[in-house]
Structure formats: structure tokens, C-alpha cells
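Hi everyone, and thanks for coming. Please have a look at the protein on the screen, and I'll walk you through it.

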Amino acid sequence: MDFLNTNTGQNVFNSQNGGHTAVFIDDRPIDNVEGRMTVSGSLRQNLGDPGFNTLDEPIKTTIMRDLKAVGMKFKHVLYLKEKNTLLKEWDLWGPLMLCTFMAMVLQASPDSMQIGDGGPEFAEVFVIIWIGSVIITLNSKLLGGTISFFQSVCVLGYCLLPIVIALIVCRFILIFEQTNFLFFIRFAISIGSFLWATYASVVFLGDSQPQGKKALAVYPIFLFYFIMSWLVLSHTV
């Protein structure tokens, strides 16, 4: 029991029982005071604040907010202005979407598999992306990186966006009859996406690495995006 007022000359205290609050004055109960532990709409705080609650909002609102957040992260990868965004508000929705899309497009067709000239399987692409991200993240942590495991995976996944765009463009070019000129265009696009993905990831992750060890952290990132770009360039099915 907690005393509510001791300045009126009366014994005033409350008692909580079964989720209700009863107020007593001179051992005589008055009307029950009931309430709900909710926050009114005008007092709701922004996403990420301790008081923010999404349990009562419509599913559509939640999905649209998450999609908008993913879109903003894609924008930051293409337009490197706020390099701390992916680290502060990390998620794995964007990497999962990019990984699934690449695995679906790069997987070999049944006809090409029969003649032994097919590309990688869906699971192979999926494993290459996620295992590669995990290895790079572990390497970063062993070198003394200051970001968390999931922050690193988030950045590496989102920085696949330039390579995914290159995959879409190259896939469109493959519709036409292939010539040396078109191959050169696909090669240039793949190299450009590889360089941009590597540069973006280094911008986001560079400050988290200790001085003198950044080259050791960048090298596996270089190999990771090089392999993904090579899969895009070699995809001819």
C-alpha cells in the first residue's frame, strides 16, 4: 500500500488488488480508479524510441513502413550521403530480398542443366551470399571491428544492390543476339557494379576497422563482390 497524501490530516492510502486500484480515506473506500497501461495517439513516440508500440497498428501500416525503410537504405547505397544509416537502423529484409532475387535469376534452367552448361543452382547462390557475408563479418570482428555481427551482414547485403541492378541490365541485353560489342557492354556494367558495391561497403564499414588493419578487412570484401559480379557476367542462360 502506498500513501497518497499526508497533509490533509486524514489517513489516505491506496491498495492494489487484482489489477484494480482502491483508494481509502480513514479506512473507508471511495470509488475505484481504473486505467489501462497504454499511450494515447498524441503521446506516441517515434520508431526506435522506448515508448513506441506497433501492436495496435494495422498490418498495412507496418508493412508500408518497413518497405519505406528498406527503400531509404537502397537510396543510401546508391547515393552515399549518410553513411551511418545502415549501421544505426540495420535490418535483414533488404539483403534477403536481393539475395532471393539474384538466386532466382542466376539459377540454371532445366534445359541448360541437361547439356551440362547451366549456371549455379538457387541454393548455391543463396549459400555463397550468406556464407560469404558471415565470413567477412567474422574476419572484421577478429580484426577488432567495432560494429555488431548483424550490422555488418546488413551492410554487405544492401551493398549488393548495384550488382543486382547490373544483373537486371545484363539480363535484358541477353535478349538480343550476342556480339562482341554487347559482351563488352555487359563486362563494363559488371565491373562498374563491382566497383560501386565494394566502394559503398568500404564507406559504410571503413570507420569501424582499426587503423593499420583496414586493408585486411577490405580484401575479403573485394573477393566477395568480385565473385558475385563474375556470376552476373558469366550468366548467359
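Let me begin with a term: the rings of Phe, Tyr and Trp (for Trp, the six-membered ring) pair if their centres lie within 6.5 Å; planes under 30 degrees apart count as stacked, over 60 as edge-to-face and the rest as tilted. A pair of aromatic rings is described by the distance of the centres and the angle of the planes.

Before we use that, a word on the source. This is a predicted model, where local features need pLDDT of at least 70 and side-chain atom pairs count only at pLDDT 80 or more, while totals for chains, interfaces and linings use all residues. Residues are numbered from 1 along each chain as its sequence is written, and side-chain values use heavy atoms, with hydrogens and water left out.

So, how many aromatic pairs does a search of the whole structure find? There are 10 aromatic pairs. Take Trp 90 and Phe 150: their ring centres are 5.4 Å apart and their planes at 10°, so this pair is stacked. The pair links distant parts of the chain, 60 residues apart, with Trp 90 in the loop between helix 2 (85-88) and helix 3, and Phe 150 in helix 6 (residues 149-158). For a contrasting geometry, look at Phe 172 and Phe 176, with centres 5.6 Å apart and planes at 85°, so they are edge-to-face. Trp 90 also belongs to an aromatic cluster with Phe 149 and Phe 150.

Now the overall layout. The protein has 9 helices and 4 strands, where helices (H or I, at least four residues) and strands (E, at least two) are DSSP runs numbered from the N terminus. Of its 237 residues, 34% count as buried. Buried means under 20% relative accessible area, exposed over 50%, and partly exposed in between, using a 1.4 Å probe and protein chains only.

Next, Val 105, which is found in helix 3 (residues 93-106). Which residues is Val 105 in contact with, leaving aside its neighbours within four places in sequence? They are Leu 167, Arg 171 and His 235, and contact here means heavy atoms within 4.5 Å.

Finally, Ile 227 sits in helix 9, and is partly exposed, with a relative accessible area of 44%.
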